[in-house]
Amino acid sequence: ALILINGVPGAGKTLVGLKLAHYNYEDNLSVLNNMNADPISMYLSGPGPLSEVLQHELRLNGEGDKTFVRKLNDYVQTFTTNMSKSLPHNIVIYDEAQRAWDSEQMANKNRSLQQQFSGLSQPEILIKIIEKVPEWCVMICLVGNGQELHVGEEGGVGLWKKAIDHSPYKNDWDVYVPNTEAIFHEFNNLNNVHRIANLHLNKTIRFQSAEYLIEFVERFLELDLDGAKEVSTKLENCGYHLRMTHDIEIAKKYLFDRYKGNNEARYGIVCSSRDQDLNAYLGGIKKGYENKNKCPDEIRAGEYAQWFTNQKDSGISCCNLDKVTTEFGVQGLELDFPLLAWGTDLIIKDGQWSTDHSYYSFKNRLKNPRGLSINAYRVLLSRGREGVLVFVPPIREKTGDLYRYLKQTGFKVLD
């Protein structure tokens, strides 16, 4: 079976996945009475940063080496390079499954694929692996709306439909999808498709005012000025703060002062990976790529757990405000108060969103680069539990209209 669960940001998709994996893991141990047995369930995280943070927290809470969370790409690599190794799990949970790679991206990233997987997308490969599991197997895809971020991801959930449709065993599959037109439309011509209302999580549980935040972000990105302004008033009334400034040092001081003495608070600088102008305005912090190596001030693989969990002045920590991460680093995660450094990769020009100054290394392969940039800022704007502070670089000819729009929709300028 293939089961798709989708919902708004903060609705608890990751929580659902972890519960499914962990409860089945505990039940499996009790049945087998064998601490070395393979768990019946495996939770796979597409975004590496989310996987790092989850594994870190699980180790802190006593899971040790028995962790049931793995990075998706490592998992796929295991079962595509060693054909004698069969999948030991009957339940596979894939978080952020809308970001699965198409066949071209899969070929570019995995040049050592066995012949039988050549030319297949990531969903097609996973479906092929799962079909080798004896008796039964369930693939659960946790899907975020409008959060495809990179080249090779623009196929979205449609890649999963295609994977089933191209399988020689497609009539053996039962497919369960949320009762929403957008997703059902992708799957409606498959056999054995079932619409289940509860598979759509339409209520956010992240924090009290999150429901308004999601609505605000959508209206804001749709350039619905009046609608965004109306919802921003509701946010302010329930204690969620939208703030903005042209001065990065004022922004840092605001957060340091706001959370002084609060060792549990987490706040940090986030920005788009597509910007080319921020480095000159981040107070010495460097982001992006130089000489084909990631800049030292941008968080890299192996550092995300420290950045998200360490207190201020405890080694690498988001609260030091001396390192940044991008939309790829924060997807599926959150902060109390992100400092969003808004780049020139998505600005307002002639009343519309413009990506004239954005950077894409694979632009010739993209279907809709503007859509991916909007998705990136959808992620960045929705990471805060208590508010979001936007730093706009003072480049009048590029960011002037954006600054005015932020102010008109309810962001208050810091003194």
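Strands β9 and β17 (residues 387-391) run parallel and are joined by five bridges. Within this pairing, Met 244 stands opposite Val 390 of β17. The model described here is predicted. On its other pairing, β9 meets β18 in the parallel sense, over two bridges. Here Arg 243 has Lys 412 of β18 as its bridge partner.

These pairings belong to an open sheet of six strands. The strand order is β13-β10-β14-β17-β9-β18, and the pairing is parallel. Strands β13 (324-326) and β18 stand at the edges. Each has a single partner strand, so one side of each is left without a neighbour in the sheet. Elsewhere in the sheet, β10 (residues 269-271) pairs with β14 (residues 339-341). Three bridges connect them, again in the parallel sense. Val 270 has Leu 340 of β14 as its bridge partner.

Helices pack on this sheet. Helix α9 (residues 225-237) touches β9 (241-245) and β18. The direction of α9 makes about 110 degrees with that of β9. Helix α13 (residues 369-381) lies across β10, β13 and β14. Its direction runs at about 160 degrees to β14.

How many residues of β9 are buried? Five of its five residues are, and the strand is mostly covered. Both faces of β9 are covered. His 241, Arg 243 and Thr 245 are buried on one side. Leu 242 and Met 244 are buried on the other.

Aromatic side chains were examined next. The structure holds 14 aromatic pairs. In one of them, the ring centres of Phe 220 and Phe 411 lie 6.1 Å apart. Their planes stand at 65 degrees, so the pair is edge-to-face. Phe 220 lies in helix α8 (residues 210-221). Phe 411 lies in the loop between α14 (396-408) and β18 (412-413). The pair therefore ties together parts that are 191 residues apart in sequence. Both Phe 220 and Phe 411 are buried.

Trp 353 and Tyr 405 form another edge-to-face pair. The distance is 6.2 Å centre to centre, with 85 degrees between the planes. Trp 353 belongs to strand β16 (residues 352-354), and Tyr 405 to helix α14. This pair ties together parts that are 52 residues apart in sequence. Trp 353 counts as buried, at 5% relative accessibility. Tyr 405 also counts as buried, at 6%.

The largest nonpolar core has 79 residues. Phe 220, Trp 342, Trp 353 and Phe 411 have the most contacts inside it. Helix α8 gives the most to this core, with six residues. The surroundings of Trp 353 can be listed, leaving aside its neighbours within four places in sequence. Among its contacts are Phe 220, Leu 221 and Leu 223. Others include Trp 342, Leu 346, Ile 347 and Ile 348. Trp 353 is also in contact with Arg 370, Ile 374, Leu 402 and Tyr 405. A second, separate core has 38 residues. Leu 44, Ala 100, Ile 125 and Val 133 are among them.

Backbone angles were also considered. Most residues other than glycine have a negative phi. Asn 192 has a positive phi of about 60 degrees, although it is not a glycine. This residue is found in the loop between α7 (181-187) and β7 (193-196). Asn 192 counts as partly exposed, at 34% relative accessibility. Leu 321 has a positive phi of about 55 degrees, and it is not a glycine either. Leu 321 lies in the loop between α11 (304-309) and β13. Is Leu 321 buried or exposed? With a relative accessible area of 2%, Leu 321 is buried.

Technical notes. Residues are numbered from 1 along each chain as its sequence is written. This is a predicted model: local features need pLDDT of at least 70, side-chain atom pairs count only at pLDDT 80 or more; totals for chains, interfaces and linings use all residues. Side-chain values use heavy atoms; hydrogens and water are left out. Rings of Phe, Tyr and Trp (its six-membered ring) pair if their centres lie within 6.5 Å; planes under 30 degrees apart count as stacked, over 60 as edge-to-face and the rest as tilted. Helices (H or I, at least four residues) and strands (E, at least two) are DSSP runs, numbered from the N terminus. Buried means under 20% relative accessible area, exposed over 50%, partly exposed in between (1.4 Å probe, protein chains only). Two strands pair if DSSP finds at least two bridges between them. Contact means heavy atoms within 4.5 Å. Axes are lines fitted to C-alpha atoms, for helices over the stretch in contact, and angles run from 0 to 180 degrees between N-to-C directions. A nonpolar core is a set of buried Ala, Val, Leu, Ile, Met, Phe, Trp, Tyr and Cys residues joined through side-chain atoms within 4.5 Å.
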